[in-house]
Amino acid sequence: MLKVEEIDVYYGSIKALKGVSLNVNEGEIVTLIGANGAGKSTLLKTLSGLLKPKKGKIEYHNKSIAGKQAQTIVKAGISHVPEGRRVFANMTVEENLELGAYLRKDTKRIRVDFEKVFELFPRLFERKKQLSGTLSGGEQQMLAMGRALMAKPKLLLLDEPSMGLAPLLVKTIFNIIEEINRDGTTILLVEQNAHMALSIATRAYVIETGSVITSGTAEKLQASEEIRQAYLGGM
Amino acid sequence: MLKKVNTFWFSIVLAFVFYGIIQLLISTAMLNPFYTNTLIFICINIILAVSLHLVIGITGQFSIGHAGFLALGAYISAIMTMKLGMPFSVALIAGGIVAALAGLVVGVPSLRLRGDYLAIATLGFAEIIRIIFLNIDYVGGAAGMQVTHATTWTTSFLCLILTIVVIANFTNSRHGRACISIRENEIAADAMGINTTYYKVAAFVIGSFFAGIAGGLYAHNFYIIQPVNFGFLKSFDILIFVVLGGLGSLSGAVVSAILLTIVSTFLQGLPETRMIIYSLVLVMVMLYRPQGLMGTREITDYFGKWGRVKGGNQYGG
Ligand SMILES: Nc1ncnc2c1ncn2[C@@H]1O[C@H](COP(=O)(O)OP(=O)(O)OP(=O)(O)O)[C@@H](O)[C@H]1O
Ligand SMILES: [Mg+2]
């Protein structure tokens, strides 16, 4: 479904990604783990068109999307939930969700998807008239995810959905991610919480200072001594 | 939603009633020219405030050179009527169009980037425009340019209503939602697939257009225009309308433009005092009401129980 080959991405003259390759197959949950500053967010931003790669190929359903505008990529079916819950603070929950469907014209289906998002996140339904800036951190994360789902993506890019959440809520969020995946959305998940991420993922990539250093099935990485030492706190 | 639309048109009708009363008073000579002139000046300032409100309050792009577009509109329209003998209405539109084009030229390069490049670009632009007119003998240089008096209460009122209707409708449309989402969070707006550059430029060009229209009215209300009328302090005056009214509130911009125009009209003889009082008012507002007079609310919000617009909630009901 998504094939990334040898991409280089720069911030000015700083090279943030060096020859990164990865692929995501339909129906999978693929996770990307790595330390702070490894380049995980940079990779997601490049996939969703917020950054342009200087070199390399990005193919989505065998069509090149490298360097395309974000709106083209959203229309093609890739939605990005950026790091740090960027909700539209002075708008209500409902208005945020409406903006998620901004590029869609099928008004009737949008209504149906509203219901679906509210089913997935009942807390958002209770608070649909509330200004989203006044939601709790966890609720804002739910809203950011729900808003991305309103675009009806086939591939969802999630950047650290568990950041700053209490363990119980992290569990809830991960259950919801699995549920979204069961409903037919492929997921590329960036996580600091490698333990949780590996427990729901099919496959994983480990990224360090801008390069992929290992990849494999989630079980394989969970079993690997090196990975346990570096990312799972030696558990 | 229906309710909201009705309140909006109701306010417009009310405005026309007000217009009629004033027009009657003017034509029966019951309103002396000083007051008529103040009313015209209020209209011009509201147009300036509302056009800048679209850029700063709705789209969240900091522009601090609005007087540059005012100057362009003023000089272009004056050239049209005085040098080329065109009718006033054509001159007004030409002033608006040239200002809009200038907005495009300034906006495209600076708004393509994320960050406050627009502030610097507009500041520079306004100064450049002023200096250009200062050095062109064709328009009188520093001495200024004579302009016939053509602005009436009717023309300024019609321009004002046009500005408000266009900008309020833009704000309440799908495009307006896109602009507000940029103000709220540009990265998230980008990730939603909203063409942020396009909307930032569009809002800026519309704002520039109406500032140009205001320029035409301004030029034809004063008998003379001089580059010194369009310095940084003028841009600052307009900025204050928007900030004082509450960023994101159209009615706030209108109310503060009215209040401050009245205050400064009565302090006209004392320009230094005026700046001190202005600054004091600003400091007080920032201390006691940092969100501005209206916050992000609209006057119409106080009518209906669903009202909560903050610059355009099309699903308000
Ligand atoms: N806008 C930017 N300008 C310059 N450098 C940047 C910018 N954004 C990120 N970087 C740099 O690029 C590198 C990769 O950053 P990135 O945000 O992708 O890391 P990350 O893996 O997501 O880290 P974290 O887990 O902390 O979110 C870092 O060294 C960072 O300092
Ligand atoms: Mg990151």
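Here are some questions and answers about a predicted model, covering a strand, a helix, a ligand shell and a chain contact.

Q: What makes strand β7 of chain A largely enclosed by the rest of the structure?
A: A residue counts as buried if 20 or more other C-beta atoms lie within 10 Å of its own. Five of the five residues of β7(A), residues 155–159, are buried, so the strand is largely enclosed.

Q: What makes β6(A) and β7(A) a pair?
A: Two strands pair if DSSP finds at least two bridges between them. Strand β6 (residues 78–81) and β7(A) share four bridges, in the parallel sense, so by that cut-off they pair. One place to look is A:I78, whose bridge partner in β7(A) is A:L155.

Q: How do you know that β7(A) also pairs with β8(A)?
A: Five bridges join β7(A) to strand β8 (residues 186–191), again in the parallel sense, and the cut-off is at least two. Here A:L158 stands opposite A:L189 of β8(A).

Q: Why is the crossover from β7(A) to β8(A) called β-α-β, and which hand does it have?
A: Between the two strands the chain passes through helix α7 (residues 167–182), and the crossover is right-handed. That name applies because, with the strands pointing away from the viewer, the path over the helix runs clockwise.

Q: How do you know that the length of helix α10 of chain B agrees with its number of residues?
A: At 1.5 Å a residue, its 14 residues (232–245) should span 20 Å, and the end C-alpha atoms are 20 Å apart, so the two agree.

Q: What makes α10(B) largely enclosed?
A: Of its 14 residues, 10 are buried, so the rest of the structure largely encloses the helix. Among them are B:I238, B:L239 and B:F241. The buried residues pack against α2, α3, α5, α11 and α12 of chain B.

Q: Which residues are closest to ligand 1, and what classes make up its shell?
A: The shell has 13 residues, with A:Y11, A:N36, A:K40, A:S41 and A:T42 the closest. By class, four are nonpolar, seven polar and two charged. The largest share, three residues, comes from α1(A).

Q: What makes up the contact of chains A and B?
A: Chain A gives 19 residues and chain B gives 15. On the chain A side, the largest share, four residues, comes from α2(A).

Terms used
Residues numbered from 1 in each chain as written. Chains lettered and ligands numbered in written order. Predicted model: local features only at pLDDT ≥ 70, side-chain atom pairs only at ≥ 80, totals over all residues. Near = placed C-beta within 6 Å. Nonpolar A, V, L, I, M, F, W, Y, C, P; charged D, E, K, R; others polar. Contact = placed C-beta atoms within 7 Å. Expected span 1.5 Å × (residues − 1). Buried ≥ 20, exposed ≤ 12 C-beta atoms within 10 Å, placed from the backbone.
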